[in-house]
Each structure stands twice: as C-alpha cells, then as structure tokens.
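Please consult it alongside the entry displayed below.

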Amino acid sequence: MWYFLELLANGALVGLMYSLAALGFVLIYKSAGVPNLAQGTLVMAGAYAVWFFISLGLPLWIAVLIGCVVLFVFGLLVERLLLRHMVGQPVIMVVMLTLGLEILLRGLVPGVLGAAPKPLSIGVGLSPVIIGDVFLNRAYLWGGVLALVLIGLSLAFFRTRLGTKMRAVSDDHVASWAVGLSVERAIGLSWGIAGIAAVGAGTLWGSVQGVDWTLSGLLFPAIAVVILGGLDSIPGVLVGGLLVGILGSVIPGYLDSMVGGSTREVVTSLIILLTILVRPYGIFGREDIERI
Amino acid sequence: MPKLTLENVEVIYDKVFLAIKGVSLEVEEGGMVALLGANGAGKSTTLKAVSGLLGPERGAVTRGTIRFGDDDLLRMGAPQRVARGIVHVLEGRRVFDHLTPDENLIAAWHGGRSGKFDEIRDRVYEYFPRLRERGRSKAGYLSGGEQQMLAIGRALMTQPKLIMLDEPSLGLSPLLVQDIFAIIREINRKDGLGVLLVEQNAAATLDIVDSAYLIENGQVVMSGRAATLKENPDVQEFYLGGAGRVDYHAVRHYRRRKRWLS
Ligand SMILES: Nc1ncnc2c1ncn2[C@@H]1O[C@H](COP(=O)(O)OP(=O)(O)OP(=O)(O)O)[C@@H](O)[C@H]1O
Ligand SMILES: [Mg+2]
C-alpha cells in the first residue's frame, strides 16, 4: 500500500513536470493552430541557457531570468523570421518547419555549448521528503509545485484582456485581422511565452537528469500529455500531465520487475494511441462548435 | 469621415485568377453605399482589397489605388487600416466561437482600460440588447441573427469611421433583416458612420442606401443613386424580382447593351 502511494505521489509530481514541458506546445497550438514539434528542443535549449549563465558565475535566479529573456526573444524571432512567411501556406508546411527547427536546435545547441551531460543544481538537497511512510523525491516535489504555479499563471493570463485577444486570435485569424488584431504579434507572443515555459521546464528537468541533448526527448511525453488533455486546453495539460505521470509511474512500478524494464515508454505510446482512437479531441480539447 | 476611393482596382488570386478587373467606386463622407451583384461577382474580393485581407487567401491587388482620405491603404497592413477607421464585417459572421459575446467585444477594443470602453460597449448593447442577455454563453451557440448582431457590434468596438458589411442578411429572416438594416441606417445617420453594404438582395438594399454599384464578373456595370437605379428597367428586371426566371437570351442582350452604354 505504501509502495503504491509512493508511486502515485512521485508519478503525479513527475506528471506536473511533464505538464510544464507540454505547456508551450499548448500555448502555440492555441494561438497558431500548429503543433510545435520543436517543443522538446525548446526545453533543451532552456536548460542549456540556464546552465550556460550559471557557468558564467551568475546566481541561479539571475541565470533563469536571463534564460527567460533569451528564449522569449528567440520565440519572437521564430515568428518574425520564419512563420511570418508561411501565411496562407498549408499547416503541414508549418509543421515541417517546426520539425526543421527541432533538428537544427538539437544539433546546434549541444554543438556550441558542449554535448557531454552537465549537472544543473537548483539547490535542492538529495534527501527525500518523508510523509508517513511515503518517500517523495525532493526535486520532483519542487518541480511539481513550480509547474503548478506556472500553469496557474498562464491560466490567469488568458483571463486578462491581452489573453482574451490571444484566445480570439486562436479562434479565427481572418476575423482577428478584420477587427485590427495583429495575428502575427499574438503568435509571436505565444512563442515567446512558450520559450519562458521551456526555461522553467528545462531548469527542472535539467536538474533531475542533467543537461544534454536527451532533454529534447521530452517531446514524446509532452505529446502524450497534450493528446490526452486536449491540444488547446491548459487545464487539459494539467490533467493530462498528472495521468501520464501517474500511469507512467505506477504501471512500471509493478511490471518492470516482471518484464525487465522500459514499460514506461510502452505506457506513454499506448496513451497516445488509445486517446486518438477513443477520444481524438482529448479530455478537454475543444470540438469545433457546429450549429445546425 | 474621410472619403474612400477605389480606382481601377484589379485583384488576382493565386497569381493567375483575375477576380476583379478594374473596379472604381467611392464612399462619400457619411455616405451609405451598396455594392450589389450575383454569386462570384467579386463583391467580397472588393471588400477584402479595402480591408487588407487578401493575403491569407493568396490574393493581391495588382493594379489600381485604394485611398481613404489622404492615406494610401495599399501600403498598410490590416490592423493599421482598422486603426485608420475602416472595419470589415466578414461574410458568414465569423464571431469568435469560443469566446462569450462580451469577450468578443473586449477582443476588438484597442484602447486602454478607460471609461470610453464602457461607453462604447454600452452603446453596442443598446443597439443589440439581445447580446447583453446572452452575454455569458459562448458566441458559437448564439443564433444566426444574434451572431450577426455580435459581428456588427464587435466591429463597432473598433470605433470605425467606415464599416463594410458583407451580406449581413445571409440566412436571416426578412423581419430580422429589416431590424438590422434599420439599426445600420440609424448608426449611419446618428454618428455619421460611412457604410459600404454588400448584398445580393437588391430590393431591400436599394430602399436604405443612398447610392449603389452593380458589379458583374469583376466589373462595375452600373452605378448611381438608389432611387434612379430602382427606376432603371434593366435593374428592375435582373435585380428586382427577376429571381428564378432565367432568360439567358435576355441576359446576353443586357450585357451587350451595357457595353454600348459605358
Ligand atoms: N481565395 C480565392 N482563391 C481563388 N479564387 C477565389 C478566391 N476567393 C474568391 N475567388 C474567386 O473570385 C471570384 C469573386 O469571388 P468573391 O468571393 O469576391 O464573390 P462574391 O461576389 O463575394 O460572391 P458571393 O455572393 O457568392 O459571396 C469568384 O469567381 C471566386 O471563385
Ligand atoms: Mg461574397
């Protein structure tokens, strides 16, 4: 029983960190209607940025702050230099563009900053937090809480006037232009915010598994999260992350010892496949409103 | 309101398809002008050329000028044209489905959080009280008529000097069309808002506008004051009541005569 609770709690915390990795994906999908296949490398780039600024001798919080600025600007530039030229092109071309970005970043960033795994310490001790008989990984605990806060902030953001305009843009680009909204700026902003979320996710994940190119592999759990939760739903990213994290912890916790490991990847891919078959819009994804 | 002037405007889609061929028209200060024509005549294309919405459809103005007062609109992006006071209510309403009506209005507001916002929103709700009642449900679930009201109200939130309406009567009951036309006329009279109204239904439209242009196959074939046009026998035959009666011989005859006239 305690074992189960431990798997559950740690799984939930890891799940929240998946949510954070997936948050940028949803932000971009919401405003631009494009699945961002570069989401994993964006998180990796965020981790590299924070590690780089720390290696210059800056304190963690300043490194994170500068990292946020760098990735925010990077997000704006992606829109300005790449996506703006894709207006009127089929969505598949834009998807291919994000794939190209993923490949480019995955080669370029470790190439420039070093491919060997680097430690990233966020000053959280290694000793577990113990509640009752449940051992909680301290890093996961911090990560989960931080993820929750950041997701809450983005939920609040979409309630503001600026957020309302971003939701309008995500509904209908042409109608937005027609009432004077700058669709380009909204998409740029969503890439910028996705960059900031990527710094958050990158810092947390970098601190638990080190900073190297493998962080870009977070794309796959992130995709499982958004497909399960709904591609354009922020509450969905939260619930999807929790479910992916818990299932990916509890099931391997019992099965791995029997089959010899790596059931987590199987669970993740099963989640993707089953959701698409059973409920293609995900749990919270919006169906297009059709009045007859 | 500055005067809107189109001169010899030509629009090409996909670099090959010539959709309008040298359209010239004017909307005078505070004027209420209709652009009438059958399906595919080029009405929506003309409006999109003015509002700057051809880009996403891979269309472009390839010849001619579009001016609003002293401003050359063709040098501006769509949001800039809205800032100058031109707003386009799209064909098929296109409200923001997943936002509430109130959020639809907020999204179209460009000023800060000032008292002006409340004033203008209140005015929209005065024109369309139904919207206030439906304020909390998603706009996608409003009835067609309510959505049309919302589309117009949303456009008014941009504080326009000229509003372009693309077939606002589409799919609405004749009674509701009358209501909406009456409100448009009222806004036009009271606030001096210029109106460029695209319609297929010439009969109802010619009753409320000052003047009109008839467009066919991407060309303006006739224009004049509404009262004059209503008297014109060709207009009477082909636009006022000729519906359902397709007489191709007569149509050709009309076209030929048209060429002599112009
Ligand atoms: N995006 C586009 N790409 C290619 N051709 C187009 C496009 N949009 C319109 N057209 C063509 O341009 C011509 C004019 O179209 P437009 O939409 O302006 O007509 P309309 O007068 O508004 O018609 P309706 O009353 O049916 O709305 C039509 O022949 C149409 O097929
Ligand atoms: Mg049209």
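**Fold of chain A and shell of ligand 1**

Chain A contains eleven helices and two strands; helices (H or I, at least four residues) and strands (E, at least two) are DSSP runs, numbered from the N terminus. This is a predicted model, in which local features need pLDDT of at least 70 and side-chain atom pairs count only at pLDDT 80 or more, while totals for chains, interfaces and linings use all residues. Residues are numbered from 1 along each chain as its sequence is written, and chains are lettered from A and ligands numbered from 1 in the order in which they are written.

**Chain A**
- Read from the N terminus, the order of elements is α-α-α-α-β-β-α-α-α-α-α-α-α.
- The radius of gyration of chain A, taken over C-alpha atoms, is 19 Å, close to the 19 Å that the globule rule (2.2 Å times the number of residues to the power 0.38) gives for 292 residues, so chain A is as compact as a globular protein of that length.
- The C-alpha trace of chain A spans about 60 × 55 × 35 Å along its principal axes.
- In chain A, 48% of the 292 residues count as buried, that is, with 20 or more other C-beta atoms, placed from the backbone, within 10 Å of their own.

**Ligand 1**
- The ligand is surrounded by 16 residues, each with its C-beta atom, placed from the backbone, within 6 Å of it.
- The closest are Tyr13(B), Ala19(B), Lys43(B), Ser44(B) and Thr45(B).
- In chain B, β2 (17-27) and α1 (43-51) each supply at least two residues of this shell, and α1(B) gives the most, with three.

Definitions and conventions:
A residue is buried if 20 or more other C-beta atoms lie within 10 Å of its own, exposed if 12 or fewer, and partly exposed in between; C-beta atoms are placed from the backbone.
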